Amino acid sequence: MSFPWLTVLFLVPIAGAVVVAALPSRASSSAPKQISLGVSLVALAIAIGVAVGYDSGGGMQYTEVHQWIPTFGAHYALGVDGIGLALVLMTAILTPVVILASWHHGDGETGSVLAPARWAPKGFFAWMLALEGLALGVFEATDVFLFYIFFEATLVPIWFLVSGWGGPDRARAGMKFLVYSLVGGFVLLIGVIGLYVYSSGQPGGPTYLVSELAKMHFGTGAGRWMFLAFFIAFAIKAPMFPVHTWLPDTTEQATPGTSVLLVSVLDKIGTFGMIRFCLELFPGASRWATPVIIVLAIISILYGGLMAIGSNNIYRLIAYTSVSHFGFIVLGIFVLNSQGLSGANLYMVNHGFSTAALFLVAGFLISRRGSALISDFGGVEKVAPVLAGIFLVAGLSTLSLPGLAPFVSEILVLIGAFVHSAWAAAFAVLGIVLAAFYVLLMYQRVFTGPPREETRLIPDLNVRELAALAPLVVILVVLGFYPKPLLSWLNPTTQHTMSVVGVHDPAPTVANSQAEEAHQ
Amino acid sequence: MTGFQAPHIEYGLISPVLIVLGVAVIGVLVEAAVPRARRYAVQAVLAGAGIVAALVTAIVVFTRLGTFGGSAGHGDIVAMGAMALDGPAMFCWVLVLVFGLLGVLLFAERHLEGGLLQFAGQAAALPGTAAEREASTRGLEQTEVFPLLMFAVAGMMVFPAANDLLTMFVGLEVLSLPLYLLCGLARRRRLLSQEAALKYFMLGAFSSGFFVYGIALTYGYAGSMGFAQISQAIGGRTGGQALLYGGMALLGVALLFKVAAVPFHAWTPDVYQGAPTAVTGFMAVATKVAAFGALLRLFYVAFGSARLTWTPMIWVIAILTMVVGSVLALAQTDVKRLLAYSSIAHAGFILTGFLGARSLSDISAGAISPVQAVLFYLVTYGLMTLGAFALVTVVRDGSGETTGFARWQGLGREAPLVAGLFAFLLLAMAGIPLTSGFTGKWAVFTSALSAGAWPVVVVALIASAISLVFYVRVIVLMYVESPAGAAPSVTMPSVLTSVVVAVCVAGTVVFGIVPGPLLDVLGRVAEFIR
């Protein structure tokens with residue numbers, strides 16, 4: 001048996017969280033931050049090691065399978081395939097970035113929009129690390145029961161992060177988030193229990209191993225209702241129209257670092273789950289539900305875009321852009337062809353980085369001015385050119401400018417949509433137009449024109465902030481020009497999903513060549 | 001056929017019950033024979049040792065069940081058919097004895113009241129009279145609580161093992177009467193406590209009446225009180241269904257009263273609030289184990305063949321219990337009342353598992369069975385609830401325990417350990433993964449869904465979501481809100497209460513993370529003999 005790298009990977013941050021939480025309250029205020037940063041870098045190093053050792057031929061790798069609760073059919077089973085690995089790596093990269101960017105948020109910070117912190121600063125960093133560990137566990141789990149436990153457990157740290165550190169109305173925001181998530185969790189639980197009931201009548205059952213469940217056939221009716229349970233839970237998580245309303249409220253109140261972990265990492269569980277569980281366990285039901293889901297995805301794209309244009313609060317605006325982008329991801333997943341699916345897989349990673357960059361740079365800007373309202377800004381590019389430049393890069397990546405990472409994935413999703421139905425593609429393309437509007441309008445109102453009285457003294461980014469943002473900008477540019485390594489992980493996974501769902505398209509390698517054409 | 005035939009009793013096999021009863025009787029004699037100053041020590045040690053001895057013998061009998069005969073399941077019918085010692089019965093015995101032992105520890109706690117028991121110094125002294133003042137100045141203690149507890153434990157052991165209706169009724173009465181008394185023995189707020197005792201007694205007496213009437217009707221139908229004979233009559237007899245249905249309903253009412261299912265729950269909040277907290281904790285947990293053990297046996301063994309008749313009734317009651325329990329809990333502002341409503345909701349969840357009833361051939365190999373699920377849930381529920389009530393006893397102000405929400409604000413800052421453990425137990429009750437609350441819920445919901453009771457499972461999940469709101473509210477109260485007025489204070493308990501809390505919390509963690517071994521044991525013993 002090989003060394004359990006994946007177990008170590010998710011336990012390192014959790015152990016770090018325990019250590020940070022156990023630090024004496026009177027210890028110097030920088031100790032928790034330094035330890036947290038160190039721990040998250042160790043986790044990153046392990047994740048990179050795992051990625052280097054990953055054989056791009058595809059399939060589940062680094063698998064660990066142990067019986068856990070035999071009566072329940074539950075296993076302690078971990079493993080990563082292409083998409084799992086990509087999301088693990090994204091999580092491991094974003095956490096140190098966020099910790100560095102949130103260096104002072106634990107203390108309640110400056111004269112910004114944040115209200116005084118509710119608990120000691122070390123709590124902020126301990127919960128961040130705990131969240132990282134649990135999120136890694138979610139992406140690594142290959143047993144539905146284990147996945148469910150990680151899925152629910154992530155709520156605890158994120159609830160503490162939202163209700164402890166953020167704007168004045170954070171308690172209500174935290175409660176709204178919690179209620180939505182728990183409702184989703186209970187809906188998912190029905191599906192999880194259903195899997196036990198239906199798998200117990202079949203050879204090899206009862207079991208929760210994804211690999212075993214994927215071989216079983218549940219019958220049309222059973223498959224459909226379990227699919228719905230899983231899908232609704234993931235749609236709330238992702239979040240999709242019409243169950244998205246918790247996201248803007250939460251990001252408006254949370255610290256930018258919390259929002260990054262929430263939107264870039266945790267919400268990916270929703271779309272990740274749609275591929276791993278909805279498609280692979282219930283292929284028949286997925287094909288059955290496709291028309292409705294595509295319509296909902298297109299509504300999400302357009303509605304998110306329109307709401308973003310109408311937002312005056314920068315944090316809310318970014319949240320709505322994410323609703324729009326999650327619409328694209330879901331669209332890519334449920335058009336059920338290789339272009340759409342590999343586009344969606346790629347989109348998950350790219351969206352993680354571009355939204356993280358946007359949230360963090362917006363957070364730096366907002367903490368300088370003490371307001372998150374677009375109408376309170378003006379002419380910032382004259383006084384803080386570096387900040388403005390990075391904001392522009394992040395914004396352009398959000399609107400999928402060619403040359404930046406999200407472009408490749410968005411074009412793949414649109415090609416997939418077109419292959420599925422020209423109408424779907426036609427509506428989805430409008431989302432790109434809306435994106436240009438909300439990003440450029442925001443940039444224009446915040447950064448251009450003559451500096452206002454209140455914004456004249458805004459200082460530019462300092463070294464710590466630059467250090468936090470630089471990796472994100474580099475990744476966005478590199479993945480924009482050279483997505484091939486990432487696609488080489490993702491494509492075998494896409495092909496696997498396609499074969500499980502039982503759909504084929506004429507040229508299985510088309511995704512790769514499209515991608516290369518796309519950035520030429 | 002002349003002369004008296006002495007009944008054949010397997011004294012060895014039922015020795016756990018006999019030990020507990022014997023110790024209870026000795027306890028009564030101790031009150032008469034031992035000087036007052038030494039009674040506390042003698043009674044506490046006697047009760048503890050008695051339960052441990054009973055526990056050891058029960059476990060010995062339990063492990064040897066496999067060597068007894070019997071076609072389905074293992075076990076033996078003893079005492080001329082009066083008791084059935086099978087897996088579920090023995091498991092209930094062990095469980096009741098464990099909770100009884102923890103109960104003795106809570107009862108014996110003396111640190112919280114400045115060196116005195118938490119029970120009325122002299123139960124007969126009326127509140128507010130000179131006699132009461134004298135009892136309190138002389139530092140009197142009512143040490144009869146220990147024999148009373150032992151009698152209740154004995155009743156709780158007879159109840160789930162009873163194999164005919166009459167024995168079951170005797171068990172019911174033996175467990176109930178001491179509890180009525182114990183409820184009225186609070187040292188502080190005695191009027192509230194006495195009111196609780198009276199309410200519990202009155203309603204309990206009514207429910208016993210229902211039970212007796214149910215026995216009469218069922219006897220009229222089946223011509224026997226034995227469960228096996230009733231089951232045969234249902235299979236063989238045609239006609240007279242009205243008697244059977246009436247009997248079934250009345251027996252059901254009495255048992256559902258004991259488990260605090262809606263609409264027979266009205267006594268629960270008042271009694272749980274008024275009774276001394278140690279009694280509340282013991283009663284909430286052990287009574288439920290015994291009553292659900294009895295409910296399972298009565299409905300699965302005696303009325304098993306009429307399953308399709310009683311299932312709809314339990315559907316309705318399970319749904320009502322979960323919804324009413326969790327919705328009314330939202331409106332509570334007192335920790336003990338909140339826990340009372342939460343225990344009502346939990347009764348509904350257990351009934352959901354109870355609905356997994358289906359013929360043995362429908363349960364595929366290795367899948368979870370309803371008896372297994374219900375018994376497992378009882379373990380998890382018992383540990384969480386007893387631990388929570390034990391923690392309630394240590395949060396106090398000048399006039400004893402303080403259970404109003406207003407006084408719990410900011411407890412997280414004043415007493416991080418107590419608040420943290422309480423928050424953990426609340427999250428477990430809410431069913432957060434990695435706690436035993438989650439594995440327990442998973443088991444009962446799975447059991448119900450396997451039997452096709454999906455509407456009940458959906459309601460159960462909605463009720464779980466509602467219940468989260470009020471559990472989280474208490475956590476928010478302790479951690480987020482600042483103290484209103486005087487800060488709450490925590491009195492350090494002695495090692496006795498600490499042990500109870502530690503055992504309950506440890507059990508909640510262990511059965512949340514590795515429930516496998518316990519489920520395995522239950523899987524082997526979860527079959528009734530007939």
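The model is a predicted one, in which local features need pLDDT of at least 70 and side-chain atom pairs count only at pLDDT 80 or more, while totals for chains, interfaces and linings use all residues. Residues are numbered from 1 along each chain as its sequence is written, and chains are lettered from A and ligands numbered from 1 in the order in which they are written.

The secondary structure of chain A amounts to 21 helices and 2 strands, where helices (H or I, at least four residues) and strands (E, at least two) are DSSP runs numbered from the N terminus. The C-alpha trace of chain A spans about 70 × 55 × 40 Å along its principal axes.

Within chain A, the axes of helix 17 (residues 405-420) and helix 18 (residues 422-447) come within 6 Å and cross at roughly 155 degrees, the axes being lines fitted to C-alpha atoms over the stretch in contact, with angles running from 0 to 180 degrees between N-to-C directions. The two helices of chain A are therefore roughly antiparallel to each other, a description applied to angles over 145 degrees. Residues of helix 17 of chain A, including Leu414(A) and Phe418(A), meet residues of helix 18 of chain A, among them Ala425(A) and Val429(A), a contact being counted if C-beta atoms, placed from the backbone, lie within 7 Å.

In chain B, an open sheet of 3 strands has the order 4-3-5 with antiparallel pairing, and two strands pair if DSSP finds at least two bridges between them. Strand 4 (400-401) and strand 5 (489-490) of chain B each have a single partner strand, so one side of each is left without a neighbour in the sheet. Strand 3 (residues 395-397) of chain B is joined to strand 4 of chain B by 2 bridges, and Arg396(B) has Glu401(B) in strand 4 as its bridge partner.

Between the chains, 24 residues of chain B are in contact with 24 residues of chain A. Helix 19 of chain B gives the most to the side of chain B that touches chain A, with 6 residues.

Technical notes:
Two residues are in contact if their C-beta atoms, placed from the backbone, lie within 7 Å. Angles under 35 degrees count as roughly parallel, over 145 as roughly antiparallel, 65 to 115 as roughly perpendicular and the rest as oblique.
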